Structures are given as C-alpha cells and as structure tokens.
Amino acid sequence: MAITHEKPKRQFLSGAITRIREFTMISRDPVLFLSLMISGMIIFIFVILPIYKTVSGGFFTPEGQWDLSYFARYFDDYYGPGLRLAFMDTMKMGVLTATFGSLVGFIFAYAIVRCNMPGKNIVHWLALVPTVSPPFALALSMILLFGRSGLITKKVLGITYVQGANDIYGMDGLVIVQTITFFSVAYLIIRAMLERLNPSMEEAAASLGAGRWHIFRTVTLPLLIPGLAGSFLLLFVESLADLGNPLFIAGNTTVLSSQIFLAVIGEYDYQKASAISFVLIIPTLVLYMLQRYYVNRRSYISVTGKPASAQIIEKDPIIRWSAIIISYLICAFVILLYATIVYGSFSFSWGVDFTPSLRHWEHTITRGVEAILDTTFLSALATPFAALLGMIIAWLVVRKKFSGKEVLDFSSNLGGAVPGTILGIGFIMAFNTPQLSLAIVIYALLALFFAQAVGKNALERITILILGTGAGVLVSKLETATLYYLVGGIYILIGLLQAVQKKRFATVAAVSLVGLYLMSTNWATQLAKPISDFSRTLERGFWSNAIVQFSDHLKTLLQPPPSLMAIGMMVVGVVILANIQKRSLRIPLGIAGLLVPCALFFTGVPFALVGGAYIIMAAYIVRSLPASVRAGVATLQQIDPSIEEASNSLGADAQYTFRKVTLPLITPALLAGLIFSFTRHMTSLSAIIFLVSAKWRIVTASILSEWEQGGVSIAAAYSTVIILFVLIAIGVLSLITNRMFRGRGGVDISQGF
Amino acid sequence: MYLILDNVTKTFPPRGGVTEVTAVNNVNLEIRKSELVTLLGPSGCGKTTTLRMIAGFEFPTYGRIILDGEEINSLPPHKRDMSMVFQSYAIFPHLNVFENIAYGLNVQKLPKDQINRRVNQALELVHLEGYGHRAPNQLSGGQQQRVALARALVMEPKVLLMDEPLSNLDAKLREEMRIEIRRIQQELNITSVYVTHDQIEAMTLSDRIVIMNLGVIEQIGTPMEVYRFPNSHFVANFIGRANFIPGTVNTIERNSVVIDALGKTLVVTNPRPDLHVGEQVTIIVRPEAVNVQPQNGNYEGLVRRAVYLGNLIEYDMEVSGQLITGVETDPSKMEVIPVGSKVSVGFVEDCIQVLPAEKANG
C-alpha cells in the first residue's frame, strides 16, 4: 500500500483542513452538491425531525414542561402491571413471529433452491404476494375464515362461540397472521444466502468423510447463521412495527403499536403516545442496528456476488418431500386467505348469509370511490419522487466519496425501519405548529448554495444573497394572489429574456411553463370549479364522485404548500441560472431567482402541512425510500464505474455522459424503484393513519374504519381493490421493463422487498 | 518533451484515521512524442493514480502536468484530448460495437460519413471487421478488449492511456494482444502511457519502463537498461530474479573496481562512479550470469538443490555460506549435477552490477 504520513501534532488542524478542502471540492461539483443538499434536506425534514419530535415528545407536557410521569407509570402499581404486560407481550410477539417466520422462510428457500421443487416459479411469486398486500389483509381473512362467525369455524365445523372459549383473537392468531405476512422477507434473505453458498464447501466436507447430518451441522448451518440471524432480527423489527394486524386480531392482548394508536385516536394524548413510542423505538433501533452493523459484517457469504453456478440437490427423499410439501401447504393457505378476501367481498352477509351479492361492491365504488381515487392519486404522484430520490441517494452512496455518507445511508433507511406510527406522530407534531426557525435554517442553507452556484465571486454572491433575500421577504408580505402573479411573472420574464437570447425553444418553453405554473396557483379554484359543477349535474354515484375527486386533485396539483414549492424553485433556479456568462445579467437574474423561493418560504405559516395532501405524500416517500434506495444500490453496484470514466475520456462532459450512459443503464433500477414505491404507498397504513383528513381519505384507513363498524365485506372489497391495483401496476411496469431491456438483465422485482 | 510530469504529488484524504495517504510522491517524468512508456510496479505503487492524473480523473495535490507545452492540471478529462483503455474494458453495454467505437466521434458531432469511415478503419485496425452490429455481451474477452482499444484509437488522441488492459485475459491471448498493441502503436506513432504490473508485458511493449514503488519512481530506462543495470534492490528483484551478494570495495582503478566478496576478490568492469574504497556494497548477479561448471570457476560451491525444467536447469549452490542461484541454459550441458556435488562457480563479468549497500537495501 501507499505511504502514510504521521502528523500527530497537526492531526486536528489537518483534519479540519481536509474537511474544508473536501467541502470546496464538493461545492465545485454542482451536480453532487445539489443532490447531496436536496436528499440531505428531505431526509432531515421528513425523517430525522419527525422522529426526534416523537422521541422527545414523551418527556414534555403539551405546555413544554419537563415531565417523566408517563415513564414513571411503568414502575408504579396502578398502571405498571398493564404497561409492563403490554411490553412483554410485544416482545413475545416479536420473538414468536421472528422465529416462525424465519423457519417458514428457511423451508421455502430450501425447497426452492435445493429440492428441485416442481413449480418453483409459482411458489416463489406466491411467497412474495404478502409483501404487496395491505398490512391487515391476512388478519381480515383469518377472521373471515376462523373468527367467531367464520366460514370454517361456524359454517364448516359448526362451532358456536361461547364466552371464554379460545378463538382466533389473541396472541396465537396474531402470530400466525404475522408469520404469513412477514415470512417473505426471511425467504428472500435466506434464499439469497443459500444460492450463494459455494457448493464446493459442502463437497469438501463430504470428501473429508463427513456424513450428511454432520455436514449440515458443521458447515451449512454455520455459514447460514448470518442469514438466519439477519432475517430473525428484521422480522422482529417488522413485527414490532406492525399496526394493522394487532388492531384487527390481537383481541384482548395489547401491544405497543396499538397502544400508541389508541393514545392518539382514543385519548388524543400525544405525550402519552410519544412516551410509548420511545419505549417501542429503543428495541426497534437496537435490533435494527444489530442486524445492519453486526450480522452483515459477520457474514461469510457476499450477497452482492453472483449465485454459485451449480446447486447441491437434496437427495434424501424424506427431507426433500417434507420441505416441498410444507411449502405447498403454506402456499395453499396463502391462496385460501386471499381467495377468502375476494369471496368475502361478494358475500351477502358474512357469517349469516354466504350467497353471492354485489351490494358491498356497489357501496365501495360509489361511496368508496373517493378513498380509492385519493389513495391512487397520492400514491402515484409520490411514486416518481420517491423513486428519483432513492436513485439519487443510491448514486451518492455507491459512487461518491464524502464525509457523512454513512449517516445519509443510515438515515435514508431509518424512515422505513422505525414503526410507522412513530413517524406518523412525528409528522403531526412537527408540521402542525408553525416552524419559522426550521424555514429560516433551510432557507439559509439553500440560499447559500444558490448564491454559490449562480455568483462567480464573493462580491457577486453576497450581493445576490442580501438583495435577493431582502426583496423576497418584502414580497412575502404582499397579498397572496399578488405574490403568485409576481413570482410567476418573474419566471415568464426570464423565459422572454432567453427567447431574446435565442436559447433553444425547449428551454424557453420550460421556463415560461414554470412561471405559468406559479401563477396558476391563483387560478386553481376557478379551473377546478367548472369540473366540480359539472359533476353536480350528474346523478349521484361513481361518476359524479370520481369527477369531484378529479377537480380536487387538479387543485392539489396546482397548489402545493408554498414551502415545498420554494424548495423546488430553489432547485429550478440553480438549474436555469447557473453558468450565465454576462455579468450584467448574472446579478439581477440571481437576485430575481432568489427572490422567488424566499417569498414563497416566508409567506403564510411555513411547513404547516397537516391536513393536506402533501404531508401524506411525504409520509409515503419516507416509507418507501429504503426499498428504492436498495434497488438503486443493487443496480449501481453492478455497473462498472469506469464506464462513466470511459465516456469522459472520450470527450463527453458530465451532462452528456449522464444522458447517454448513466441514464440508460440505471433505468431498470429506476423502474424497479417505481414499482416498489407505488406498492409501498398503496399498502401503507401505520404512517398515514394519523394524517388522513376528511378531505383526504386513504383506503387502508377506510378499511380500518369499515372494519370497526362491522362492514367486514366492504373492508374485504377495499382490500381486493388495493391488491388488484398493485398487481396491475407491477404487471404493467414489469412488462415495460421486459420490453425495454430484453437481453440485458431486467429487474429482479424481489430485490426491493 | 511532449508530456511532462513535473514534481507531481497526490495525497488522498484520510480514510478513518487522520493520516493522509500519499499515493504518488514527487514524480518527475518526461515522455517523448510517439514513445510508449510503461509504468511498472506492484499493486498500490501509485502507477494507476499517476495514469489517472494524466487522464484527469484525479488532480495532483502538488506539481504540474504539461502536455505539448501547455499546463493541463485543471483541465477535466473530456477536454484533454487523451483517451483511455480501462482494465475492465468499460464497454457501454447498451450500445453495439459500432456505436461504442463511434461514441467519441458522436460527441464531437462529426458528419455521418466521416464517422462511418473512421469507425470502419478502426475496426479493421483491430481485426474486427464485420463485428459492428454485435452487442458487447456477444463478444469474447479478447474481442471486447479490441473494441475498447478501437474506441480509444478512433479518437486519434494526443496520448493513449492504458490501464492494465490485458490483465483480464488468459495467458495465450495476452501474448497475442501485447504484440498487437505494440504493432498498432508503432503503426500510428501514437504517444502512449501503459500501466502494468507484469514485467514481461513491460519488456515486450515499451520504449522505456518507469519502475515505481511506494509512490516513488525507482528507475527509468529502456528494457535493457533496467534489466542489466538495476539501480536498486527493488528494481533488480521486481524485474527478473537476482542474487544479492554483500561485499566491500577493495581498490578502485580506471575502468574497474576490485571487491572483496564471498571470501575472495572480484573484478567488476565499468562500475558506478560514486563508489569509494572501504564502502559496503551489494553485488547483483542475475542467475543466468552464474556459471556452474565442474572446475575453472572463481568460487567453490556445493549443490544444495537442482531442478530440471526442460529448457534449463536451476541450481541453488552454497558459496562460502551464501546461497547463490544459477541457471544452466546450454543445451549441451543438460546432465543434472547431483545435489551434494562440489562445483565451481563463476560470474559472467559484464553482467555484474554493484550498488552501495544502503542504496540496495533502501
């Protein structure tokens, strides 16, 4: 290796100098700087800040007084026993689910990889179905089958429930449901391990005279331990985070996630909810870190490598067939559960009259159309942002060197790792009350970057910074409509200026469109009104509801919260205004470009997002981010970094290289990210359950409320709709990917789950 | 001089610790036009970093890089008019062979017919006529290597950079490609910098070899110079094999020097001028410059090991307490002298290099 110089006395100083040098290097690379800035900011605002708010919220009364009473309750005699029992039950649920889930996952993996199982492709996809269905679909179906008036328990077996008898509700039912829901994760992890286990190791052991069982005990199992431990810990985390299943099927058993839910929904006590969240987040984070930093490092098998070429096939017929038959049985059970959901949605009155009927579907597509369309709209709108952000973060993590990379990587995963309820509470606490200080900090950071990118020397930068901010603050005091006309007008003027300078038509059009979009905030209501008026002329039903929703969505598209629009305009400004050559233009345009986001930042109450559509989308994005980051990382790691350098050395600049080389190569990952994100969005419950409002209904939340009101079949119909939509989305996108990337390795859909 | 590296140093920011890593330390190198210079050294010696600095993928921490009289330190890679062949080939997997080779010409927005003509010429040059429509994954490793080479050559760059281009090929193909690359380079008279850790590659290809170790240039010279007159222990050991024999300078004469070594005196002609009487030195003798014979040699030796390798016989002999390796290549002497035999050992006079002891060990 190369020489290392010891400079003990100047260590600190040289460390600081290196940091500064690194920072200047990064700021010289605007693409890197911009992506780092944006991803860091989004993660800070929507991951770190909410989690911090939740965690710290348990220690303060709503008035801001230091207060530990909710934690003290764990140790007193009145609340103590109940609280401690809930904690122990949660841990018990985690351990049982993780154990059984890993076991089932192992059997599936073994049957598929080593037992030459007939129909293994179908089994593989069936094993993945639970990951794309809403979190409580299986609980719902278990109740339909085995509940007190279940199809099997009541109709087939003729059992009538008597008080005190053991029914499906409780720990046993919960663990069964969670095992089926989460075993896919274990299956994927262990399968990857098994496939990459080099067969020659076991062959070596056999050639040294070891018997089959001996080999399994001394070679195979120890090599798989990291995979098994990893899957155990991940399932444990998933189980603790699960809200849907415990709400449905836990019966009298209480677990932490449902306690948090009840504290918010039932008691409206955020301090209590935060305190329980704190109790829940500690084991979750410990397990998560253990999985990420300990188990992954101890792994003997590199999961990034290619699968070993040949696989050992299990020869013992008893082991082989028991693994196969168990897998078949579980698949059959999965099919039964999902068929029940569909059947349940068509039954006249579950438990009483099983005759087929369309009445629940009529209800679902007339009254429920609002929730279905809202959910699909928000999920779809959030999807490109989530996939893009995931791609950017993956690119930063895989390709770029900078301090704090590990932090970015970890915190981008955090949003998906912490229980969704905790995130949801944090969103409410962070974005309900005005956050002027937050807006100022974020504005300051972005404005510095803007000035750095647009100005060419210190004087220019300071001028742009001061005048732009000053003008922006003044404009922010204007009446809202005037404000939007003004900022939109600025962009249209910039577009006209570019037209005069004979820029490309596409650029001029894009800039002017941005201006029009800003102005259209003022026209949104007028634009949407005729559409909703038209819907009123229709007969009440599916179409009238759907058209009202459409007008709502249009309005939402045109009226994002000003603070989010400001962040976007900052980026747009940098893209348009960097690299202006003429000095006389640079400064005024820089000032105008900074004025726009500044005015938007400080008009009204910054970051008051609760109740709107955008906070739900933010929650969606945060939750799906880990999956799309993983898809991006997996793809980027397979692309040789010298491919980009080759393009560079052939005379192509960064922009050309990105367009002609990087983009075509990462498109499969981007599409995979789209699939994962959309699936996650459609099926998420825990993170958004506190964020839904009368205006924005989400199907998963509607399922819960229908269920609470006894509308089992309507809940089943909603679940069917979600599963159907997700499957359609996956089908369409994988069709596109296969068409586009025939012959050079499409997307492994299972990668992101 | 066409390409000059003037006091170039590259330090990398610390990873984990606080100590900076100096990958390339004060390198001075001058490359003539149309010359092929090889950077040779073990992995981690700084040869790839040096090449990447020439290419513009890394910027020197100190020092200057001058191309054709112009400092290019701060020029990004795409403005340097150099093209690089990568170890992993770095063929664009989404483009076919023709599109790969045409990539750089398309960047320059040349007219279509000119692109066609130049790409076809390049294909011909690397013997891949008719492969234009193949996808990269339909090519063998050797063919991919040729595409990578053609893609760089078609740009008619001022300097062609090659980063261990043959290390992923099997031995037979590597031998073939070595000759190909040299042929093309001389045909086009293209100034080239070639990085490798394979000494035979360096010997066959280069006009001059730059031997690097631990970020520093150890020696620069033609293949013959660096083999016959290595100026350090490292170079002697890295290129070929050598016996290192300690000795002391006895007397210095006009064109020769007498050295006490292995209990006797040894006369070396054309020694380094900086030796002085009484100095500790190391004598470097290549195994093929060691004569093994029944009598008439300068020294008495005892055969400790004898290996018959077909084209030669390798002997390890103990001469006054030190093991000396010698090879017998004379086909008329292919009778193996048995282990334990007493032999007479002599050194071929012109093939002995004497270095000051501290330099040799340094």
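A nonpolar core is a set of buried Ala, Val, Leu, Ile, Met, Phe, Trp, Tyr and Cys residues joined through C-beta atoms within 7 Å. A residue is buried if 20 or more other C-beta atoms lie within 10 Å of its own, exposed if 12 or fewer, and partly exposed in between, with C-beta atoms placed from the backbone. The model is predicted: local features need pLDDT of at least 70, side-chain atom pairs count only at pLDDT 80 or more, and totals for chains, interfaces and linings use all residues. Residues are numbered from 1 along each chain as its sequence is written, while chains are lettered from A and ligands numbered from 1 in the order in which they are written.

**View 1. Ile616(A) in the largest nonpolar core.** This core holds 312 residues. Met142(A), Ile616(A) and Ala619(A) touch the most other members. Setting aside residues up to four places away in sequence, Ile616(A) touches Leu378(A), Ile688(A), Leu691(A), Trp696(A) and Ile698(A). Two residues are in contact if their C-beta atoms, placed from the backbone, lie within 7 Å.

**View 2. Helices α18 and α26 of chain A.** Helices (H or I, at least four residues) and strands (E, at least two) are DSSP runs, numbered from the N terminus. Helix α18 covers residues 420–431 and helix α26 covers residues 613–638. They pack at an angle of about 140 degrees, with their axes 11 Å apart. That makes α18(A) oblique to α26(A). Axes are lines fitted to C-alpha atoms, for helices over the stretch in contact, and angles run from 0 to 180 degrees between N-to-C directions. Angles under 35 degrees count as roughly parallel, over 145 as roughly antiparallel, 65 to 115 as roughly perpendicular and the rest as oblique. α18(A) passes α26(A) in a right-handed crossing. A crossing is left-handed if the near helix is turned anticlockwise from the far one by less than a right angle, and right-handed if clockwise. From α18(A), the contact uses Gly420(A), Leu423(A), Gly424(A), Phe427(A) and Phe431(A). From α26(A), Ile615(A), Ala619(A), Val622(A) and Arg623(A) take part. By class, the contact of α18(A) with α26(A) has six nonpolar, two polar and one charged residues. Ala, Val, Leu, Ile, Met, Phe, Trp, Tyr, Cys and Pro count as nonpolar, Asp, Glu, Lys and Arg as charged, and the others, Gly among them, as polar.

**View 3. Helix α4 of chain A against α10.** Helix α4 spans residues 80–114 and helix α10 residues 212–241. Their axes come within 8 Å and cross at roughly 135 degrees. The two helices, α4(A) and α10(A), are therefore oblique to each other. Their crossing is right-handed. Residues of α4(A) in the contact include Gly94(A), Ala98(A), Gly101(A) and Gly105(A). They meet a face of α10(A) with residues including Leu228(A), Phe232(A), Leu235(A) and Ser239(A). The contact of α4(A) with α10(A) divides into eight nonpolar, eight polar and no charged residues.

**View 4. Helix α4 of chain A against α8.** Helix α8 runs over residues 171–196. α4(A) and α8(A) pack at about 45 degrees, with their axes 5 Å apart. That makes α4(A) oblique to α8(A). The crossing of α4(A) and α8(A) is right-handed. The contact of α4(A) with α8(A) has 19 nonpolar, six polar and five charged residues.

**View 5. Thr54(A) in helix α2 of chain A.** Helix α2 covers residues 30–57. Thr54(A) is buried, with 30 other C-beta atoms within 10 Å. Its C-alpha atom and that of Ile422(A), 368 residues apart along the chain, are separated by 6.4 Å. Not counting residues up to four places away, Thr54(A) touches Ser274(A), Ser277(A), Ile422(A), Ile425(A), Gly426(A) and Met429(A).

**View 6. Positive phi at Ser34(B) and Ala90(B).** Most residues other than glycine have a negative phi. Ser34(B) has a positive phi of about 70 degrees. Ser34(B) sits in the loop between β2 (21–31) and β3 (36–40) of chain B. Ser34(B) is partly exposed, with 14 other C-beta atoms within 10 Å. Ala90(B) has a positive phi of about 55 degrees. Ala90(B) lies in the loop between β6 (82–85) and α2 (97–107) of chain B. Ala90(B) is buried, with 24 other C-beta atoms within 10 Å.
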